[in-house]
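My entries follow in the order in which I looked.

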Amino acid sequence: TKSKFDAIVIGAGMSGNAAAYSMARRGLKVLQLERGEHSGSKNVQGAILYANMLEAIIPNFRDDAPLERHLVEQRFWLMDDSSHTGVHYRSDDFNELKPNRYTIIRAQFDKWFSSKVREAGGTVLCETTATKLARDRSGSVIGVYTDREGGVILADVVVLAEGVNGLLGTRAGLRDMPKPENVALAVKEMHFMPEEVIAERFGLTGGEGCVIEAGGTISRGMAGLGFLYTNKESISVGIGCLVSGLAESMENPYRLLDAFKQHPSIRPLLAGSEIKEYAAHLIPEGGFKAIPQLFGNGWVVVGDAAQLNNAVHREGSNLAMTSGLMAGEAIFQIKSRGGLMTKRNLSLYKGMLDKSFVMKDLIKHKDLPSLLHTDSHNFFMTYPTLISQAAQNFVRVDGAPKINREKATAASFINARSRWGLISDAVRSAVSWR
Ligand code: FAD
């Protein structure tokens, strides 16, 4: 029919924009639906943008994309209530012509990405929620219904880029709702302060940026992480924990964030700031084993809706962009050889994903999410506390002989976990990291 589209993309986040842009620039007739007031208005991220994956879609994005700082330093902290033990990596190599990672503010970034979809010829409809998938008698998806008047909108294929909740796809029975042990709830604040103050506090010059990622007693024994990212004139600070842990412990994420901000290692970094924004969002953390069916007759699913998120490396937007791009490319290739959007043809998308870093990385860490979930108290409470005490034992000088201190440290580990427990934890961690 006249109004039939080649593809409808649900959602204008990272994956939806990548899919819509890649198809529109190839000349396909694309409709993108976004329930938010504008693209990005509903979206939350730390946020680190991994440049290579965007470069594969928009090579010259650095010319006009709203980028905050390029990252030269990454700090990993293990925390107990009064200390942190850290590994920091800082390199001048990251002051390169085309930096590798940037901090971004999603509301601005998504707006920019969406403008590129429009420039490429895509139709973007905001303030429009897709309410139901339309199917033909055989069950193939043939379009969507929205909360606007006008009935069904038809398309050869629907790209579900609706984010982690994925209500449209779950309601249609294409996949299950994510399980509580496979999603984290993250809360985040934006703390504003002058650019020079951020530069001075973190030892940054020019557009350099720094991030801190922290685990330990801050998550009260639940699997979870705190983070702090420097933007130009603000700092994003937040914490996320598995929903299953929050439900069991009845901990309140806002209180965890408050405690994280009050931690003696974090408080000075935020001093004097003005809080302007507050957000909460889910993150898919189940890894490879939680990935649902990714394609069917008339549909594909991409990004967070497909659970494509590497929680171990805290990467999500890059998997979202890459899966969106691959879905778009697969659809274009099928179209250009005159094929139909059947399950069989759309398996091309999954084939592309399997060959890419997306599936390879998720397969590599397939056992880690369940290990961290089932053993969270040891990994997020016992070990951070022991390591912190060991570090203090190592640096404190008070006349006690070193040998006594070292023996006390070894005994503290054995008392807490037993010899076999320590060996088993080390082996299981190593195996799940392979
Ligand atoms: P989303 O960005 O969630 O987009 C989905 C879109 O679909 C939304 O705009 C939504 O409004 C729209 N939508 C949903 N349903 C409908 C509907 N029915 N009709 C119309 N529109 C609809 N990743 C990183 O790479 N680096 C980081 O530093 C990082 N930090 C993070 C920190 C936090 C606190 C969180 C929550 C996530 C973080 N992530 C990070 C993960 C990253 O944000 C996601 O992986 C990424 O946003 C996924 O993109 P997406 O397009 O699949 O989903």
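Before counting any pairing, I noted that two strands pair if DSSP finds at least two bridges between them. Helices (H or I, at least four residues) and strands (E, at least two) are DSSP runs, numbered from the N terminus.

I reminded myself that this is a predicted model, in which local features need pLDDT of at least 70 and side-chain atom pairs count only at pLDDT 80 or more, while totals for chains, interfaces and linings use all residues. Residues are numbered from 1 along each chain as its sequence is written.

Entry one, strand β4. I found that β4 (residues 70-79) and β5 (residues 84-90) run antiparallel and are joined by 7 bridges, with a hairpin of 4 residues leading from β4 to β5. Methionine 79 has histidine 84 in β5 as its bridge partner. I then followed β4 to β12 (residues 208-216), where the two strands run parallel and are joined by 9 bridges, and where leucine 78 stands opposite glycine 215 of β12.

Entry two, strand β13. From β12 I moved on to β13, which pairs with β12 in the antiparallel sense over 4 bridges; isoleucine 212 has leucine 228 in β13 as its bridge partner. β13 (residues 224-230) has 7 of its 7 residues buried, where buried is the label for a residue with 20 or more other C-beta atoms, placed from the backbone, within 10 Å of its own. In a regular strand the side chains alternate between the two faces of the sheet. In β13 both faces are covered, with Gly224, Gly226, Leu228 and Thr230 on one side and Leu225, Phe227 and Tyr229 on the other. β13 also runs antiparallel to β14 (residues 234-242), joined by 7 bridges, and the two form a hairpin with 3 residues between them.

I looked up α9 (residues 317-336) and α10 (residues 343-355), whose axes come within 9 Å and cross at roughly 145 degrees, the axes being lines fitted to C-alpha atoms over the stretch in contact, and angles running from 0 to 180 degrees between N-to-C directions.

I counted 15 helices and 17 strands in the protein chain, and buried residues make up 45% of its 434 residues. The C-alpha atoms fill a box of roughly 85 × 50 × 35 Å along the principal axes.

How values were computed: A residue is buried if 20 or more other C-beta atoms lie within 10 Å of its own, exposed if 12 or fewer, and partly exposed in between; C-beta atoms are placed from the backbone.
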